[in-house]
Amino acid sequence: MIELVRGKFLGRSEGKVLVNIGSLVIGIICDAESFSETKEEQEIIVFTKLIVTQEDISIYGFDSKEKRDVFEKLIKVSKLGPKSAIKILSSASIEFLSTAIANGDIERLSSIPGIGRKTAERIVAELKDEFEPVQVDNVSLEAIEALVSLGYAKTQAQNAVKQARKESPDANLSKLIKEALKILSKM
């Protein structure tokens, strides 16, 4: 198995990250968030999962081992393939997914683009015991989702909300979003 790939980032193309390893360039399918803020020629480490089917050999990659682990769990769900798992990871943070699956929150899961109610029920039924709720409050999760829907990258939104939460621990949703937007405007 290919556990990780280390090389120079050459850019993104059609849902893939292009990584130069010596004289070889590998196209690794990845979620929208991984390496979204990486500059060309920067050295990167991609945590990978090799998937072999009758029609194709594909490498899926992520910027963290945690994302790869969640991806591996998601593709074990019946009728949920790697392409759907990548879409899920592109649309929701690990914290959001972990908390929703661990709590059996079908409504929150089915709010993710590409996940219907039946798929959400199947994910919860098959993975509930494999996830622990992440200790991120619901207000912070909602603020992150709001910032992502405004077009900010997930990691930017998470960092801004985390910083805003430190500065205003008791902030309600609207105040937390306002504070996070101020932080994002300074970046």
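This is a predicted model: local features need pLDDT of at least 70, side-chain atom pairs count only at pLDDT 80 or more; totals for chains, interfaces and linings use all residues.
Residues are numbered from 1 along each chain as its sequence is written, and side-chain values use heavy atoms, with hydrogens and water left out.

On the side of domain 1 that touches domain 2, strand S4 (43-52) and strand S5 (57-62) each supply at least two residues, and S4 gives the largest share, 4 residues; helices (H or I, at least four residues) and strands (E, at least two) are DSSP runs, numbered from the N terminus. By class, this side of domain 1 holds 6 nonpolar, 2 polar and 3 charged residues, where Ala, Val, Leu, Ile, Met, Phe, Trp, Tyr, Cys and Pro count as nonpolar, Asp, Glu, Lys and Arg as charged, and the others, Gly among them, as polar.

The chain is divided into domain 1 (4-62), domain 2 (65-130) and domain 3 (138-185), with bounds from an automatic or database domain assignment. The C-alpha centres of domain 1 and domain 2 lie 22 Å apart, and the contact (heavy atoms within 4.5 Å) takes 11 residues from domain 1 and 11 residues from domain 2. The area buried between these two domains is about 1000 Å², of which carbon and sulfur atoms give 72%; buried area is the accessible area (1.4 Å probe) that two parts lose on being put together, summed over both. Of the area that domain 1 buries against domain 2, Phe47, Tyr60 and Phe62 supply 47%, more than any other three residues.

A search of the whole structure finds 9 salt bridges, each defined as a side-chain nitrogen of Lys or Arg within 4 Å of a carboxyl oxygen of Asp or Glu, and the count between domain 1 and domain 2 is 2. Asp31 forms a salt bridge with Lys67, the closest N and O atoms being 3.1 Å apart. Because Asp31 lies in the loop between strand S3 (24-30) and S4, and Lys67 in helix H1 (residues 65-74), the pair ties together parts that are 36 residues apart in sequence.
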